[in-house]
Amino acid sequence: MTGDRLLEPREVPLGGVRGLTVHRTLPHRALPTVGAWCFVDHFGPTRETMTVLPHPHTGLQTVTWPLAGDIRHRDSLGSDVVLKPGELNLMTSGDGVSHSEFSVGDGTMMHGIQLWVALPDGARTGPPAFEHIPDLPRTGGDGWRATVLMGELADVQSKAVTYSPLVGAELTLGAGKPATIPLKAGFEHAVLAVDGTVRVGGFDLAHRQMLHLEPGRSSVDLEVPRDATVLLIGGEPFTEPLVMWWNFIGRTHEDIVQAREDWEQAAERFGQVDGHDGQVIPAPPLPHVRLTPRRRRV
Ligand code: MN
């Protein structure tokens, strides 16, 4: 018996006409975070379109990693960028930012991952920022290659700005070649099977499933029956309480109520995204309960 735990994805419609359905593994009801990673959405491969109108964020970074299809990102900082496979978009909300995301072209194949990183106190109320990073570092070993999106893996470090010790990397694995990936023992980690089956820790992880690895490991062995892509995330366990609702992360119920009200009032906090004729995604109604921090049950 190991402390590894299999996390099944749940399907969530992102909205919009013929809009994308995403497969969400974090937050999971048993596990709110892996390090500071608090949200993992996997979409496609699909010919559905991404049509996400302007919406706000607080207290987090959005990390967008397409494997197929181009995504146009526009935000309240004035950014207007077409993101291509192999490139990273990193948006830091600080106290408030808004953005839109649209697939480029109609009916093109879309495949990718969007993740959130919770910002720690200090950064979570800071200024917003946006980075588009087309040239991420690569590393690897026997049977594996890695592109390091965030943080550090093996001997290389991404230049993406981080606010807590973490790692996010895309691993490509060769069929039938066992690979040993070095891990930081002080981190917790999880692996997501992006496009095929992965044998890890005695589990056969199917497409879209995630395995949360027992903390304290200094490496993990992965093996694939066919060439496959795996996402590795990890970091120092994030101990600040996270109240997550819709697109906001705060520390208290009141933080969320204020953020929702500010969005509904079009407050300066969230700025404006040009090019959408004032269209935005309205906040849903708040639930009739006090929002509380998500708790870990593993
Ligand atoms: Mn967003």
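Predicted model: local features only at pLDDT ≥ 70, side-chain atom pairs only at ≥ 80, totals over all residues.
Q: OK, which protein atoms are the donors of the manganese ion?
A: They are NE2 of His-55, NE2 of His-57 and NE2 of His-99, at 2.1 to 2.2 Å from the ion; donors here are N, O and S atoms within 2.8 Å of the metal (3.2 Å for Na, K and Ca), and since water is not among the atoms, sites may look incomplete.

Q: And how are those donor residues spaced in sequence?
A: The spacing reads H-x1-H-x41-H. His-57 belongs to strand β5 (residues 51-57) and His-99 to strand β10 (residues 97-103), so the pair ties together parts that are 42 residues apart in sequence. Strands (E, at least two residues) and helices (H or I, at least four) are DSSP runs, numbered from the N terminus.

Q: Are His-57 and His-99 buried or exposed?
A: His-57 counts as buried at 1% relative accessibility, and His-99 is buried with a relative accessible area of 1%. Buried means under 20% relative accessible area, exposed over 50%, and partly exposed in between, with a 1.4 Å probe and protein chains only.

Q: Switching topic: where is Pro-66, and what is it in contact with?
A: Pro-66 sits in strand β6 (residues 60-68) and is buried, with a relative accessible area of 1%. Leaving aside neighbours within four places in sequence, its contacts (heavy atoms within 4.5 Å) include Ile-71, Leu-83, Glu-87 and His-111. Pro-66 and Glu-87 are 21 residues apart in sequence, with their C-alpha atoms 7.4 Å apart in space.

Q: Which sheet does β6 belong to?
A: β6 is part of an open sheet of seven strands in the order β2-β3-β4-β11-β6-β9-β12, with antiparallel pairing, where two strands pair if DSSP finds at least two bridges between them. At the edges stand β2 (10-13) and β12 (129-133), each with a single partner strand, so one side of each is left without a neighbour in the sheet. Four bridges join β6 to the antiparallel strand β9 (residues 88-92), and Thr-64 stands opposite Asn-89 in β9.

Q: What about the sheet of four strands?
A: That open sheet has the order β17-β22-β19-β20, again with antiparallel pairing, and its edge strands, β17 (179-182) and β20 (203-205), each pair on one side only. β17 and β22 (residues 219-223) pair over four bridges, with Ile-181 opposite Val-220.

Q: How much space is in the largest pocket, and which residues are closest to its centre?
A: The largest pocket holds about 520 Å³, and of its 25 lining residues the closest to the centre are Leu-14, Arg-24, Phe-39, Trp-116 and Asn-247. On a 1 Å grid over the protein atoms alone, a pocket is an open set with protein on both sides within 12 Å along at least five of seven lines, a cavity is a set of points where a 1.4 Å probe fits but cannot get out, and lining residues have an atom within 4 Å of a point. Grid points are joined across faces, edges and corners, and a volume is the space filled by probe spheres set on the points.

Q: And how many cavities of 30 Å³ or more are there?
A: There is one, and among the residues lining the largest cavity are Phe-187, His-189 and Arg-217.

Definitions and conventions:
Residues numbered from 1 in each chain as written. Heavy atoms only, no water.
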